[in-house]
Structures are given as structure tokens and as C-alpha cells.
Amino acid sequence: MFLFSTDIDGTIYDGNQTAERFAAFWEGLQESPEKPFLCYNTGRSLEDTRKLIDTTPLPTPDYITCGVGTVIFDNARQSVLDGWSVELEAGWDFKTARETIQQAAHGVSMQPEECQNPYKCSWFWEEKTPGEIRSLEEALSASGIDAQVVYSSNRDLDILPAKANKGNALTWLLHRLDYRKDRVAVAGDSGNDVSLFLVPGVYGIVVSNAEKALSDAVANRNTHLAKRPCADGVIEGLSQWIDSGFQISPN
Ligand SMILES: [Mg+2]
């Protein structure tokens with residue numbers, strides 16, 4: 001048995017054809033002795049993710065972590081796991097975070113309402129350098145906010161509570177499920193996926209279309225760098241980890 005925590009967009013989904021190939025592969029695993037758990041881990045909102053699952057061939061997951069690690073949803077029970085939200089409160093204030101970014105980030109524009117949640121303040125800010133991102137972190141810290149800045153796809157700027165990222169949400173979920181961490185695979189394609197690969201002991205899959213920021217950050221982790229893009233790369237990587245029996249010693 002293993003758990004697979006995967007990003008959606010650009011990783012297992014870039015249209016119905018990739019979703020269909022991933023779904024067929026995942027369905028095949030249900031018949032094997034490996035009866036794996038599926039946990040989506042996406043920047044999308046909960047509502048948006050559920051709509052996507054309902055309207056595409058994507059398989060139904062056991063859990064949905066959404067809003068870049070800010071919300072964890074138990075899909076079987078159809079309920080948000082509130083314990084995680086409580087963990088995110090420390091040092092966080094949405095209003096102060098929003099005002100600080102408005103003042104400190106020149107040319108920034110807020111993402112639509114459905115992209116925000118009480119623990120995720122999201123913006124569009126195009127073509128920024130690491131130095132510019134660092135200066136935002138300093139401004140937030142000066143405002144007394146314990147936040148992190150996640151910059152993805154050269155455009156998406158997420159301001160989140162210090163603890164909120166995809167990897168910490170996965171760690172919290174594994175702990176809650178009392179799950180063996182050496183049987184966990186993760187997959188992603190962009191900067192906001194890095195934290196997934198940093199969860200101790202996980203087996204990573206980086207799809208070939210991934211941003212360089214991700215491949216560079218996880219280069220020396222226990223990670224399969226796929227030769228193929230999107231769902232095909234995920235199928236390639238998962239097959240490899242399953243065939244090896246998750247034998248390679250985790251770091
Ligand atoms: Mg992605």
C-alpha cells in the first residue's frame with residue numbers, strides 16, 4: 001500500500017487526454033495488491049478542484065489538499081479537516097498581509113476572489129527576480145506577519161501562513177493517518193511543488209515539462225526525473241517506484 005500525493009495542473013492534467021491516461025493507469029493499480037491512496041495537492045480552490053474532478057476523467061481522490069496546502073479535504077467524508085486550519089493561525093493575519101503586499105509590490109494585481117481563502121492571499125506579479133521576492137518577505141516580516149512567499153510560473157504570487165505549503169499539509173495528513181512515510185510518492189511541475197519533495201522519505205517524480213526551479217531544487221533528492229511530460233511522466237515515475245518496491249533508501 002502506498003500514498004500518492006500529486007499536483008494536478010501540468011503534472012497529471014493538461015486536458016482530458018492526459019487525465020484519461022492517468023485515470024486508466026490509476027484504475028489498473030486498484031486491481032494490484034498495491035491499493036494506493038490518492039491525494040491531490042493543488043493550488044486550485046476546493047470548489048474549483050471538485051468541479052474539475054466532476055467534469056473530467058480525473059480519478060476520484062481520497063483526499064484533496066488545495067489552495068497551496070491551506071485546506072485539506074477528506075473526500076470520503078466530504079469534510080474539511082479543521083485541525084489543519086488551526087495549525088495555520090499562528091502569526092497570520094490576512095488583512096495585514098494584503099495591505100503589506102499592496103504597498104510593497106509595485107504593479108501587483110490581486111487574483112480573483114475564488115483564488116483567495118482565509119489562509120491564502122494570491123496575486124499576479126509577472127517576471128520577478130528572486131531579489132524582488134525576498135524584499136516582499138522582508139516587508140511582511142516588518143509588518144509582524146509570519147508568512148511565506150511562494151512564486152510560481154513566473155506570475156503567481158501566493159502569500160501564505162508560515163506553515164502552509166503543500167509539503168507541510170502532506171506531513172500533517174500522514175501524521176493524522178498514522179501513515180508510514182517510506183511509502184509515499186509525490187509529483188509536481190512547478191515552484192510551489194518543491195515542499196512536497198522535501199517531506200522526509202518521499203519518492204519524487206518531476207515531469208519533463210517542469211520548471212527549472214523545481215528540478216534544480218530537488219536534484220539531489222530521492223527523485224525520478226521523468227523523460228516524458230505531464231501524466232505520461234507521472235506514469236513512468238510511478239511505475240519505476242512501484243517496480244522497485246520503493247526499495248531505494250529514502251534520504
Ligand atoms: Mg502544476
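Me: Which residues of strand β11 are buried, and on which side does each lie?
Reply: This is a predicted model. In strand β11, which covers residues 203-206, Tyr 203 and Ile 205 are buried on one side. Gly 204 and Val 206 are buried on the other, so that both faces of the strand are covered.

Me: Which strand pairs with β11 over 4 bridges, and in what sense?
Reply: Strand β10, residues 184-188, pairs with β11 in the parallel sense over 4 bridges. Within this pairing, Ala 185 has Tyr 203 of β11 as its bridge partner.

Me: And how many bridges join β11 to β12?
Reply: There are 3 bridges between β11 and strand β12, residues 223-225, and these two strands run parallel. Here Ile 205 has His 224 in β12 as its bridge partner.

Me: Changing topic: how many helices and strands does the chain have?
Reply: The secondary structure comes to 9 helices and 12 strands.

Me: What does the radius of gyration say about the chain?
Reply: The value is 18 Å, which agrees with the figure near 18 Å that a compact globule of 251 residues would have. Along its principal axes, the C-alpha trace spans about 55 × 35 × 35 Å.

Me: What percentage of the residues count as buried?
Reply: Of the 251 residues, 43% count as buried.

Me: What about contacts between residues at least 24 apart?
Reply: Among contacts between residues at least 6 apart in sequence, 61% join residues at least 24 apart.

Terms used: Residues are numbered from 1 along each chain as its sequence is written. This is a predicted model: local features need pLDDT of at least 70, side-chain atom pairs count only at pLDDT 80 or more; totals for chains, interfaces and linings use all residues. The radius of gyration is taken over C-alpha atoms; the globule rule is 2.2 Å times the number of residues to the power 0.38. A residue is buried if 20 or more other C-beta atoms lie within 10 Å of its own, exposed if 12 or fewer, and partly exposed in between; C-beta atoms are placed from the backbone. Two residues are in contact if their C-beta atoms, placed from the backbone, lie within 7 Å. Two strands pair if DSSP finds at least two bridges between them.
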